[in-house]
Amino acid sequence: TGKTVVAMHRAKHLVETVFPAKADRILFTTFTRNLATDIHENLKTLCGPELLSRIEVVNLDAWVSGFLKARGYRFEPVFDEEGNELWENALALAPPETGIPVDFYRQEWDEVIQPQGVSSLEEYLKAPRLGRGTKIGRATREAVWPVFREYRSQLTGRGKREYIDMIRDARQLIEKQGIRLPYRAVVVDEAQDMSAEAFRLIRALVPPGPNDIFLVGDAHQRIYRYLAVLGKCGIDIRGRARKLRLNYRTTDEIRRIARVGFELAAK
């Protein structure tokens, strides 16, 4: 439907018309490094060097890493191989008497603990677990919590953080220190793959006001299981959302066949 093209034209409009001062900056961020590179190349043609000099195009994880590094942040992102090793160490504490399978722990971490920023047993006991399927009571939560605590301890001991932790740390640093960034607006592409923590950071990057945040995304193209509620992240889209209904790339025949295949695969 041309979402990215719309977002690029929006960025051009913002720096050209809405925020035309030389000191005004627009942050154009997306989920992957490769897409950010493509967007930057296309903006060269659309905007020209003068306008483009005031649009910073970078994927969100790279922006977070640069922001934290410039402020002496001592943690590095953990990658899959090392993360798997740390999980193996932590899972040695899994209590067999609960009968909970091993794959429960990483799913619980990714879908409950990390999205809600849970950092203690007290917080975990209160954390909602909607959509997890299996209900677990207070005693079971107390029994499994040492696994999560150990994994966090293992990360800290090696000077590591998951990216969602780094995003959270960046937001908290901005909020606690009252850091004022040069951005007048943020444009976000592929918003469907952003986590709630990412949207909280995006909200902290610019003060609330007209033309502050522009998001484009398509839930049907979601790669990850992030289901953020924007209102809970401080981003109010009530009455401000629009659907793009004209598809420039996919014929209706292809769409219908793909939909049938998707429904069959889901059965």
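1. Let's start with the rings: the count comes to 12 aromatic pairs, where rings of Phe, Tyr and Trp (its six-membered ring) pair if their centres lie within 6.5 Å, and planes under 30 degrees apart count as stacked, over 60 as edge-to-face and the rest as tilted. One of them is Trp-63 with Phe-67, a stacked pair because the centres are 5.0 Å apart and the planes stand at 10°. Both residues belong to helix H4, four residues apart, about one turn of the helix. Trp-63 is buried at 7% relative accessible area, and Phe-67 is buried at 5% (buried means under 20% relative accessible area, exposed over 50%, partly exposed in between, with a 1.4 Å probe and protein chains only).

2. A word on the model before going on. It is a predicted one, so local features need pLDDT of at least 70 and side-chain atom pairs count only at pLDDT 80 or more, while totals for chains, interfaces and linings use all residues. Residues are numbered from 1 along each chain as its sequence is written, and side-chain values use heavy atoms, with hydrogens and water left out.

3. Phe-104 and Tyr-105 make an edge-to-face pair, 5.4 Å centre to centre with 85° between the planes. Phe-104 is buried at 8% relative accessibility, and Tyr-105 is buried at 1%. Both also belong to a cluster linked by ring pairs, which takes in Trp-87, Phe-104, Tyr-105, Trp-109, Tyr-124, Trp-145, Phe-148 and Tyr-151.

4. What does Val-144 touch, leaving aside residues up to four places away in sequence? Its contacts (heavy atoms within 4.5 Å) are Ile-100, Phe-104, Tyr-105 and Tyr-124. Val-144 sits in helix H8 and is buried, at 0% relative accessibility. Pro-96 is 48 residues away from Val-144 in sequence, with 9.9 Å from C-alpha to C-alpha.

5. You'll find Arg-132 in the loop between helix H7 (121-126) and helix H8 (138-157), and at 13% relative accessibility it counts as buried. Its side chain reaches the backbone oxygen of Phe-104 at 3.4 Å. Not counting residues up to four places away in sequence, Arg-132 touches Phe-104, Gln-107, Glu-108, Glu-111 and Val-112.

6. Arg-141 is over the face of Tyr-124, 5.4 Å from the ring centre. The charged end of Arg-161 sits over Phe-75, 3.7 Å from the centre of that ring.

7. Now the sheet. Four strands form an open, parallel sheet in the order S2-S1-S5-S6; helices (H or I, at least four residues) and strands (E, at least two) are DSSP runs numbered from the N terminus, and two strands pair if DSSP finds at least two bridges between them. The edge strands, S2 (55-59) and S6 (213-215), each pair on one side only. The twist averages 15° from one strand to the next. S1 (residues 25-30) and S5 (residues 183-188) are joined by five bridges, and Arg-25 stands opposite Tyr-183 in S5.

8. Which strands does helix H1 touch? H1 (residues 3-18) packs on the sheet against S1, S2, S5 and S6, with its direction at about 165° to that of S1. Axes here are lines fitted to C-alpha atoms, for helices over the stretch in contact, and angles run from 0 to 180 degrees between N-to-C directions. Helix H4 (residues 60-69) lies across S1, S2 and S5, at about 105° to S2.

How values were computed: Polar contact = N/O pair within 3.5 Å; in protein donor to acceptor, adjacent residues only side chain to side chain. Lys NZ or Arg CZ within 6 Å of the ring centre and 35° of its normal.
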